[in-house]
Every structure is written in C-alpha cells, then in structure tokens.
Amino acid sequence: MTETAHHHRPTLKQKNKPFKSKHATKSSLKEVAKGRTQRQSPKARATQNAAAQLRTNRRNNAKQVQLKKRQSLVSATRIFSGTDGAPRIVAVVPLTEDVNARDVTSRLAQSIDGTLHEDSTTGLQKLRADRFKTSVQFIPLPYRQMYAALDACKVADYVIFVLSPNVEVDQWGDTLLRTLQAQGLPEVVTVVASDEPMEPKEKSGIMKSLLSFIQYFVPSQSRVYDMHHGSDALNALRALCEGKPADVKWREGRSWVLAEAVEWKEGGVLGITGVVRGAHLSASQLIHLPNFGDFQIAEIRAAPLPRQSKSGAVAPMDIEPEVLAQPDEDEADSLVSSNDPDDLENEQTWPTEEEMQGASNGQDGAEKIPDARVGTTPKAVRKIPKGMSEYQAAWIIDETDEEGEDGEEDGEGSGGEVEMEEAEEEEMVEVPVEDTEMETDGKRSVAFQDLDEDEEERQLQSWRNRKREEEDDAQFPDEIDTPLDVPARTRFQRYRGLRSFRTSPWDPYENLPRDYARIFQFEDFKRTERNVRRRTEEFSGVEPGTRVTVYLKDAPKEAAQVVPGRPFVAFSLLRHEHKKTVLNFAVQRNTEYDGSVRSKDPLILCVGPRRMRVNPIYSQHLRGGGKGANNVHKFERYLRHGTTSVATIYGPVVYGKQPCTLLRETDDPQAPELVAMGSFLNPDTTRIVAKRIVLTGHPYKIHKKTATIRYMFFNPEDVEYFKPIQLHTKYGRAGHIKESLGTHGYYKAHFDGPISQMDTVCMSLYKRVYPKWSELWREGMPAPSASKEDGDAMEE
C-alpha cells in the first residue's frame, strides 16, 4: 500500500493580502482618485475646543427655542389675562340624551367654589375663575341640536364633549363628531357625567372604553375626566383655564363675535354686543350672520363692562359709548354679489308705441285685440282649441317658449308635432296670457297643482330605482341606448366628438349659460388672495379682546330673535368674499353613508362660516390636481366611495384650503346625514365638466379589419352625421366609419386591427354641463323636492 501526502481542505488555506505600496506615485494616486477631491467630512471628530464650541451652540439654541415657545404662549394667552381680559369660550356638547350640559358647568364651578352667572336671553354662562386668573364663558348646548353645535364650535376656544357611562353614542352623535372633525376642532376636553356615580369595579373598564371611543375622532385625547370626582373636575377646569387654545386654520385672518346681547332699532339697524376675537375687526368689512346673510357695518362702539369696586358695588356708567371705528366709503366692501346682465344688450329693441299702432293686431279687423296702453308692454297671445280651460292651456308649450336644457336633451314628447297638427284642425281661439305665470331666470312656472296618482307612482318608482341605476352605471359607465323614435342627430345635437379627451381643443367661453353672465372671474386668483390677506393684516381696526357693539345696516327684524341654547355668532368676511363665482371642492364620500349621491342632488354645503343650499355636479379629480392641456374633466353621475371627486357649484368666493362638508336633509331637521367632506380646491371658471355618453353597436359581419356594425343607429342620415367621429372597441381597437349600408342604420367600419365577434363597438360623445345656482340655507326652511327635470336629466 503506497503512502499518500496529507492535504488540508482548500478552504483552510491562508491567503495573504496583496502587496500595497506606501509610496505610490502621483500619477497612480490620480488614477485611483478618478477626479475626486478629498474634503473634510462634517461628521469627522473635531478637536476638543471645537467640541466645546458646539456644546455651547446647542445650549444657546435650546434656550432660544424654549424662550420662543414661552413668548408664543404668553402672546396667545395675553388676551385672556387681566381684569378686563376676554373670557375663554367653551362649548359644552352632550353626545347622549341622558346627560345635561348645565350639570357639567355647575360641577366645574363647584370645583373652585365659583358662581355661574347665566344670561336668560342668550343662555350663556360666565364663570370668574380667580384661582386661575381668568374667566370662562360656557355655551351649554341642548342635545340633538346639530347646527347650534356646529356654530358654537366655530367660535369656541375649547369644546367639552360630554359622554355617558350608561348610554352609547347613537347615530346622531357619530354624525356630529364626524362633521366637527371635518369642520375643524379647537382644543377638546372629554368628560363623563351621569346622575349617579359609576361603580368602582366597573369604572376602570368604562373609562378605558370611552377613551378609546373619543380617540378615534380626536387622537390627541389622553384622558377622560369624571365629573363625580372632585379632583377630575378641577383638573378639567385647569385644562380649560391654563392651556393654550389650539388654532383652527380656516379662522386665521378673520374676526368673530359671540353675541352677549342683540337689539334691533328702527331703520333696520341691528346691534350685536360681544368681545372681538381672532383678527382686528375693521368697519369696512362685511359681517356674515348664519341663516340671514351678509351685512355692512354702520359703526362700531365700545361696550366696556361696568367695573366693580372692592366693596362689590357696581359703578354707574353715564359716559356715552365711544365710537371706535366707522366704515370708509372708499375702502368699504360692497354688497354686490353678482352681475345683472342686460338681456337686451346688442339685441333689437321692443317696437315703439307708434309702430305698434300702425301695425294690425289681428288678421280680421272684427277680432282685433285692443291696443296696449301707453307705456305698457302688450300681453302675449296664444292660440288654444275652443272650449279648453285656462288650467289646461297653461300646460301647452308654445313654439316660442324657452325649453330647458334637460328637456332639450331628453327629447321627450316626440309626438307633440302630431298632436299639434290635430289640434290645429280644431277651431282655435286667441287667449291673452294671464299674469299668474311667473318668469324666473327665463323659465315659466305655473301655480302648484297636485300630481295625479300615476305621476306620483312614476316618481316614487324612479326614486326607488336609483340604487339599481347606480349599479348599472358602475357596470356599464356612460352607456345609453340610441332611441328608436327620435333621430340620433336630434337627440344628441348638443354633444360633440373628441379625438383626445385630454388634448383636443375646447373653447371654455363658447355657449355659456346665463348664470355665467352673473358671476365674477379673477385674472390671477392667487395674487388676489395674497393682496387681500396683506390688506387685512394692515387693518388698524378694533383689537381682539375689546368688548364692542357692532351696528349692522339694513338687517331684518327676525335677525334679532335670540333663542337660548343657540349661539348668535357673527363672522367678518375678507374682501371679495361676497361675490359669486364658480367654486370647486375636492370631496370624498363618508364611509358610513350608504345612500345614493347623484349629481345635482340638493345638499347643504358648510364651508367656513357659511351654509348654502347647493346642487353640485361631480367630476373626476386628476392626480396631483392637474387639469390637462384643455382643462376638460369627465362628469361623474354619482359620487362613489373610495375616490376623490370635484364638486362644482356657484357660490361666494372662498380663500385658502378651507374644509367643507356636504349634508343631506332628512325628516328630522336637526339630524342631517353627512354625505361627504373635503376642502376647497380653486375658483376656476374655465374648468370644463364634460358629460360623456357612449353609443354602442354590435359587429354583424367581420372580415379582418373591416366589419359591418348595427344597432348603433337606425337610419342612414344619422350615420352620415356622425361619420367624422372616431370609433373604439372595448378590446382597445380604434377605427372610423367608411360608409352607410342600407336604410336601417347599418354601416361599414374599418379598424386598426382585426376585431372579435365578442367585441363591442363604441362611440363617445361629450357635452359640457353646469351646476345650478346656489342660495343661502336657512334653518327651518323646508328642502325643495327634486323636480321631474332633474330626474330625467340623469337618465342618459
């Protein structure tokens, strides 16, 4: 047996580092560096002196940051300090029906042995907290008062949410919390109140559950205070009196007043007494009152509280209140909110009296209608069949009557020509049009008449089918059937074809509706907003924290009615915020709302200090807020879950990214449903909202890239009319119409590739749509019912 040499495994063999010269040449170093230059790293370890210098700089920087925070806290709370300091406004909102806001305020007052002073007119409660060197003004709100709670939280520095250990928050409380969360909340304090204290064994679990619930809506909450515990009540009051109120973004640059007294004088002068909060109040600004609108300021007078002596006696005040500010005629904002277009501008004028007297009024001299009186306009005359009543005549549509946009689109009443031909064969009589018809915005309306049972049943069935319509629109978006009884060129005469939805030109100023003549357009909105805010900062008006009486011009007497439990608030408006324009809001649907939300449905828009009744139209929101080359955006028939859409309305100008909420009224006026929330996007009047419809056809015969299409049109004239418009298929092929075949609307089409027998041929048509005119929402006014035109407008 031969002996073999022993070898270790190759992995155990030692490998030495390659030789590296310490004295490399300059050329070799340059080659290794490859143009890089060596510099001192900022993270390199410094010397001992430099390290000491850095330590000193860090200490100085920390001291400056601490000093800046302290100064900001002092400046923010300076308005509340002193004997004449403004009270901290606290809104007390009960979320369940078994709790009472006044019980909470009384327990807070008992924690410092204070006394609550309540105003019987307004319902406000004031507490002087000498222990914390400040005063608190409570707004105790009743349960299930939605709009009073929203207004109170708009002007409050703190909000107290009152929960119950026994009753869960119902749907109304959940909706209120979501609405306040979208509106913008100030600093929040959460308390638990009940008639009887909680059991010690159950208290811990109940408090954890309530804290978890409120943290879902207000994540900054760290604890819940028990009003039956003395120390908790004191800590809750300490949080109200010593903290710094959180800033609500949309209130920046505005001033507001919570009314402590309201009086109305002869001549329409409304006096509102309260403490100015927020920014400086100028007499040249407009004042907005919820439910009543915008008003001009007549003057602002001082209204200091009477001082109390050390003995407690109130010193009499015989001095006339000082006038603090009066409006400047040149700088005062105007109440003009919209333009008044002249319908007769550049049009032929009405004939003169001499021309009318020279012309014959009728064909037969025996049946002449008397001449019009001098200075009056003659009444219109219409012909109706003999024996027809005035009520039946009111529903006959003359050829000269204006047709609504929706009526023109739907093409309803296609058999009207035949009916009129039969009517003309009858004996006709001329009847002057009565004055009972009213013209509003170019459309005629007659006195209300109850609908018959069939029409009521039709509208009810249409309302119940909305859910099915929304599902069909989601499955087959924008697809409609071509009508058999109306030519497509007539039915869709307002539509156009676009080669490219994003780049094809579309003039934003063509065929605008009458409402566009009433609104204002900004040349550069961002520049205007900067100038307005800079002008507001330069105001030398009444300083915040001053108790004043603001006198408003031309206010209705109903505005002076103050209901206890409903705060009376007044907000100042920035320049141009009274003028109407096109407003676009980026909104998302509330995840808890399951109803159908269709374009032009009546809703309540809450934005800033305003509440408006609107009928918004929805369109797609491009990623990043872009608008494409032609600023054309696809109209959305429904507001859907999970996507951000743009709601377009006519409304007063809005500055900044103000939050907004959309509410839908229910049978209970104080329990609306939260439909959507979002923020203001822009006031772009050139944004084109294009409604798309898709006409579909079936491939009848196919030969490679050429196919015979049917069921898209039903006469050859329609084929020739829509021949220039490009076709596309659901499988991605593009083509065009070559020629018409036969007399039943068949045509030959050529595509850019072979198509399948299972494919569907489509033609997209577009039409620009516009929102309806908005109006001020007034609490207690009934919601308008959806008209038949609104329902028919969405059936396409």
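**A surface patch**

Begin by selecting Leu484, Tyr711 and Phe714, which together form a nonpolar patch on the surface with about 330 Å² of accessible area. Accessible areas come from the Shrake-Rupley method with a 1.4 Å probe, and for residues only the protein chains shown count as cover. A patch is made of residues with over 30% relative accessible area and no salt bridge, with like charges joined within 9 Å and nonpolar side chains (Val, Leu, Ile, Met, Phe, Trp, Tyr) within 5 Å. A salt bridge here is a side-chain nitrogen of Lys or Arg within 4 Å of a carboxyl oxygen of Asp or Glu.

The model is predicted: local features need pLDDT of at least 70, side-chain atom pairs count only at pLDDT 80 or more, and totals for chains, interfaces and linings use all residues. Residues are numbered from 1 along each chain as its sequence is written, and side-chain values use heavy atoms, with hydrogens and water left out.

Now centre on Leu484, in the loop between β18 (479–480) and α14 (488–491). Helices (H or I, at least four residues) and strands (E, at least two) are DSSP runs, numbered from the N terminus. Leu484 counts as exposed because its relative accessibility is 69%; the term exposed means over 50% relative accessible area, buried under 20%, and partly exposed in between (1.4 Å probe, protein chains only).

**The whole chain**

Of its 796 residues, 41% are buried. The accessible surface of the chain comes to about 46,700 Å², and carbon and sulfur atoms account for 49% of that area.

**Salt bridges**

The structure holds 31 salt bridges. Select Arg535 and Glu331, whose side chains meet in one of them (3.3 Å, N to O). Arg535 lies in helix α15 (residues 525–537) and Glu331 in the loop between β13 (323–325) and α8 (353–358), so the pair ties together parts that are 204 residues apart in sequence. Glu331 is partly exposed, at 38% relative accessibility.

Next, select Asp333 and Arg575, which form a salt bridge through their side chains (3.0 Å, N to O). Asp333 lies in the loop between β13 and α8, and Arg575 in the loop between β20 (569–573) and β21 (580–589), so this pair ties together parts that are 242 residues apart in sequence. Asp333 is buried, with a relative accessible area of 7%, whereas Arg575 is partly exposed at 24%.

Move on to Asp601 and Arg664, another side-chain salt bridge (3.0 Å, N to O). Asp601 is in the loop between β21 and β22 (603–607) and Arg664 in strand β27 (residues 659–664), so parts that are 63 residues apart in sequence are tied together. Asp601 is buried at 8% relative accessible area, and Arg664 is buried at 13%.

To see a network of salt bridges, select Asp478, Lys634, Arg637 and Arg692, which are linked in this way.

**Two further stops**

Select Lys244, in the loop between α7 (230–242) and β8 (255–258). Lys244 is partly exposed, with a relative accessible area of 34%. Lys244 and Thr77 are 167 residues apart in sequence, yet their C-alpha atoms are 6.5 Å apart in space. Leaving aside residues up to four places away in sequence, Lys244 touches Ser72, Leu73, Ala76, Thr77, Tyr158 and Glu187; a contact means heavy atoms within 4.5 Å.

Finish at Asp174 in helix α5 (residues 171–183). Asp174 counts as buried because its relative accessibility is 17%. Beyond residues up to four places away in sequence, Asp174 touches Val169 and Phe217.
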